[in-house]
Amino acid sequence: MIAIDVHLDADAAATMAGDVRAGLCAYPKELAPKYFYDDRGSRLFEQITELPEYYPTRAERAILSERSAEILAAAGRPGTLVELGSGSAAKTRHLLDAMRDAAALETYVPVDISEEITQRTAADLVDEYPGLTVRGLVCDFEQHLERIPDGEGRRLIAFLGGTIGNLYPRQRHVFLERIAALLGPGDHLLLGTDLIKDPARLEAAYNDGAGVTAEFNKNVLEVLNRELGADFDLDAFEHVARFDAEAERMDIRLRSLADQEVRLDGLDLDVGFAAGEEMRTEISTKFTRERLESVYTGSGLELRGWFTDPAGDYALSLARPVPAA
Ligand code: SAH
Ligand code: AVI
C-alpha cells in the first residue's frame, strides 16, 4: 500500500520566491541548499554518493550493513521507520531488512522535498518488501514535520546522509527540538553525521575530479532559471568548496567569473554579480562526538548509542528525549 501526501503547494512557491529574493539581495548573497533537489539535482546527488572522493555514503552504508540489527534492538524494535530527507533510501534497505528479519516491519514513511524521487522510492520499496505500508510525505521538513502521520507502535525517525550538517546551528537547534517533541515514549532518533577529519580529505570530497559536485552545485541556478524565470548563465560561475576550520564545516559557494547582471522575471528583479563575488549555496558541518552530545543536550535529547565505521570517518547516533525528572 502506498499513500504519498504532497505538501508543496502555492505556499511552497511563495516561500521559494521569498527565500531567493532575500538571499540574492543580501550581502554576501546566499541560496538555501534545499533548492538543489529537483529531479536532476536528486540524480546528481546519487552520482556524488558513488564518487571515489565522497566517502560519507560508503561509511554510513558500512555501519548500516554491519550494525542495523544492533541499532534496531537498541531502539526497542520499532515497527515504523520515518526517514527525513529519504532520497533514494538506498542505505535504508539495511534497516528495513533488519526490521523485516525481526518480524517488526510495518510502515515506512519517507519525507522529502523532491516528489519524483519519493514516488520512485515508494514504488520500489513496496515491490521489494511485500506487505509494507508506505505513507510518504513530500514537504519541507523544516516546516511541516507535524504533518508526519501518527503511527501505532514504536517509531524510529532516521535522518541519514549527514543532511543535518546542511543546517545552520540555529536551524538545527529548532529542528532537533521539534523532533524531540515528535518522539513518543520509546521512540528514537537515528542521526547520521560526518566527522571532523583531515581537511584535505574533506575538501577532496567536495571537489571531485569528475566535476559532479560542481554540476550539482550549479543545478540550483538551473532550478532558479526554470522556477523563477531567471537567466543565469551556468558557465559564468564556478564551484568553490573550502573547509572552514573555525566553524568546523565545508563552505560551498558559486563564484561569479565576470561582472554580470542576472534577470529573474518571476521576481521582477535584476541582480548584479561582480567578478570574483561568491554566493554561498550550502554548508556541510562536520562533528565530533562531544560536539554532537552538546547539540543534543541543548535540544532536549540525550545520546543513547554511538556507531562508527572502522576508520572513524562517520557516525550514526541514537538519541531520545531526555526523560522528565
Ligand atoms: N538520505 C539520502 C539522501 C541525502 S541528500 C542519503 O543519505 O543518501 C539530502 C536529501 O534531503 C535529498 O533527497 C533532498 O531532496 C532532501 N532535502 C533537502 N532539504 C530538504 C528539506 N528542507 N525538506 C525535505 N527534504 C529535504
Ligand atoms: C546531503 N548532504 C549531506 C550532502 C553533504 O555532503 O553535505 C550534500 C552534498 N553537497 C555536496 N556534496 C554533497
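View 1. A nitrogen atom of ligand 1 lies 2.9 Å from an N or O atom in the side chain of Asp140; a polar contact is a pair of N or O atoms within 3.5 Å. The side chain of Asp112 has an N or O atom 2.5 Å from an oxygen atom of ligand 1. At Gly85, a backbone N or O atom is 2.7 Å from a nitrogen atom of the ligand. Taken alone, ligand 1 exposes 560 Å², of which the protein buries 94% (Shrake-Rupley method, 1.4 Å probe). This is a predicted model in which local features need pLDDT of at least 70 and side-chain atom pairs count only at pLDDT 80 or more, while totals for chains, interfaces and linings use all residues. Residues are numbered from 1 along each chain as its sequence is written, ligands are numbered from 1 in the order in which they are written, and side-chain values use heavy atoms, without hydrogens and water.

**View 2. The shell around ligand 1.** Ligand 1 is surrounded by 18 residues, each with a heavy atom within 4 Å of it. Lys91 and Phe141 are among the closest. The shell comprises six nonpolar, six polar and six charged residues, with Gly counted as polar.

**View 3. The second largest pocket.** This pocket holds about 590 Å³ of space. Its lining has 25 residues, and those closest to its centre are Leu8, Ala12, Met16, Tyr35 and Ile113. Helices H1 (10-25), H5 (115-128) and H8 (212-227) each give two or more residues to the lining. H1 gives the most, with five.

Definitions and conventions. 1 Å grid on protein atoms, 1.4 Å probe; cavity = no way out; pocket = protein on both sides within 12 Å on 5 of 7 lines; lining within 4 Å. Points joined across faces, edges and corners; volume = space filled by probe spheres on them. Helix = DSSP H or I, 4+ residues; strand = E, 2+ residues; numbered from the N terminus. Polar contact = N/O pair within 3.5 Å; in protein donor to acceptor, adjacent residues only side chain to side chain.
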